[in-house]
Amino acid sequence: MGGRNLEIVVGTNEEYLLGYQLKTTKDGSIRLQQTYANHSHMGSVRQVAVVGNSLVSGSADEVIRIFNLHSRSEEGSIMEHQGTITHLSFYGTKHLFSASEDGKICIFNKKKKWKCEKTLKGHRGPVSSVSVHPSGKLALSVGKDRTMYTWNLIKGRKAYITNLKSAADSVKWSPAGTHYLLVRGSCVEVYLVESAKLLHTVDFKQAISVITFITDELIAVGGEGQNISLYDIGSGGIEMLQWEAHKMRVKCICVLPWVSSATSQVYLASGSSDGTIKIWKLDLLLLSKPKLLGEVNTTCRIICMDAYPSPSKPTSASYVDSTKEKKQENIVEKVNDKGMQDEEDDVEFETFDDGDDVEDEELEEDDDVEDELDEEEDMEDELLEEEYDVEWDDEDLEDNDDNDILELEEQDVMEEEDKNCNKFNNPEKKKEKVKFREKVSNTGTRTGQAAKTSTQRKNKIKDNKRKSVEAAVSMSSSKKKKSV
């Protein structure tokens with residue numbers, strides 16, 4: 001069968017873009033496996049087109065969205081139109097043509113970051129369809145204003161205006177550029193370019209929704225009915241084949257770019273309002289009923305379709321929704337710009353945060369130990385007060401990193417003792433704390449060490465306090481003796 005893998009993208013009335021990869025089984029049938037689903041649009045998806053790794057979609061929300069098929073991500077959006085997008089197609093690999101109900105036709109350059117290089121204005125109503133000649137020099141457009149415009153793409157301006165008896169639904173050039181087709185209602189009108197005359201009309205009997213060229217003279221037509229018909233426009237528009245393809249109206253038909261060992265075999269994909277995508281194998285020599293190779297029910301109402309070679313290494317099963325995953329997109333952009341450095345920074349930051357959490361827990365344990373020691377100290381202070389008949393203020397002893405000062409309440413004792421009292425303004429304390437924390441972090445015995453060190457520090461302060469009290473009491477006694 002095919003020499004390469006293919007994917008099909010469909011736009012739905014439920015505002016979704018759905019992608020399906022075609023996989024051939026051993027028995028020759030085809031299995032359609034869903035590869036992505038995107039809900040970036042806020043209206044029904046009316047048009048899709050693919051070139052290279054770029055997928056564009058147009059919607060009733062007046063926005064054209066751009067996706068990267070390789071990374072499965074949205075690259076941006078175009079808001080050049082003020083109406084429902086009615087047409088999207090690529091010419092070559094870099095030019096995108098769009099049309100809208102606002103009456104404008106825009107030409108974007110993919111190589112220049114989707115810059116709008118030209119806006120063609122002429123229609124006085126919604127533009128229904130645009131078709132570019134294979135040479136790229138001319139384009140035809142039809143609209144609701146019952147006119148057909150011929151555009152000179154070299155000069156970027158209109159060349160001719162043709163008034164029509166009724167509005168045309170679509171226009172399409174033949175692959176060779178020798179004919180063009182106008183669709184109006186249930187009829188297909190075939191025109192010859194050289195004479196610009198109507199050659200013949202094909203009546204499909206039902207409103208037409210899609211026309212696809214299979215060869216330069218063979219077209220496939222689908223519409224409000226359940227059938228797909230093949231017509232030979234080179235032989236007066238004779239119907240060559242018709243078969244029942246779907247249960248509801250046929251909305252899109254696409255020729256798959258598969259390479260077959262038999263040159264007469266063609267593979268078609270069709271989509272319907274019944275939600276199904278079907279793959280057909282058609283033999284152009286026999287022109288018998290095509291063989292159904294595979295199908296899938298999307299459970300959505302399909303509006304448009306395109307097919308393209310599957311990306312070699314798809315990286316995700318779904319597109320990233322820009323409106324819901326902006327934070328994730330920002331992270332991806334940073335990694336792309338700075339390489340793996342950001343990831344290393346993230347790891348370091350997380351490790352640093354974990355360390356903080358551990359240190360906070362250890363500090364809380366230290367605080368609990370110190371609280372217990374403070375309670376013991378209060379009890380010993382009461383004993384000292386009873387023994388030496390001395391009272392202490394609530395803030396007599398302040399133990400902090402900046403200054404630890406011992407104060408006595410009685411003024412006469414403080415005046416005499418001020419010269420001799422020990423002021424704990426020792427810078428070695430800070431060093432001890434730093435060494436203490438480093439030692440605990442390395443050995444993992446912070447709680448025990450904290451209790452031991454804190455106890456030693458408290459004992460030292462208490463000893464100094466006891467000595468100060470004794471000295472104060474001694475001085476007071478000597479003063480009393482002298483006075484007597």
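Predicted model: local features only at pLDDT ≥ 70, side-chain atom pairs only at ≥ 80, totals over all residues.

Me: What makes strand 9 largely enclosed by the rest of the structure?

Reply: Count its buried residues. Strand 9 covers residues 95-100, and five of the six are buried, so the strand is largely enclosed by the rest of the structure.

Me: How do you know that strand 8 and strand 9 pair?

Reply: Pairing needs at least two bridges. Strand 8 (residues 85-91) and strand 9 have six, in the antiparallel sense. One of the residues involved is His87, whose bridge partner in strand 9 is Ala99. The two strands form a hairpin with three residues between them, and Gly92 in the turn has a positive phi of about 70 degrees.

Me: What joins strand 9 to strand 10?

Reply: Five bridges do, and the two strands run antiparallel. The cut-off is at least two bridges, so they count as paired. His95 stands opposite Asn109 in strand 10. Here too there is a hairpin with three residues between the strands, with Gly103 in the turn at a positive phi of about 90 degrees.

Me: Why is the pair of Tyr149 and Trp151 called stacked?

Reply: Their planes are 15 degrees apart.

Me: Why is the pair of Trp173 and Tyr180 called edge-to-face?

Reply: The angle between the planes is 65 degrees. Edge-to-face means over 60, so this pair qualifies. Its centres lie 5.7 Å apart.

Definitions and conventions:
Residues numbered from 1 in each chain as written. Heavy atoms only, no water. Buried < 20%, exposed > 50% of the residue type's maximum accessible area, 1.4 Å probe, protein only. Helix = DSSP H or I, 4+ residues; strand = E, 2+ residues; numbered from the N terminus. Phe/Tyr/Trp six-rings, centres within 6.5 Å; stacked < 30°, edge-to-face > 60°.
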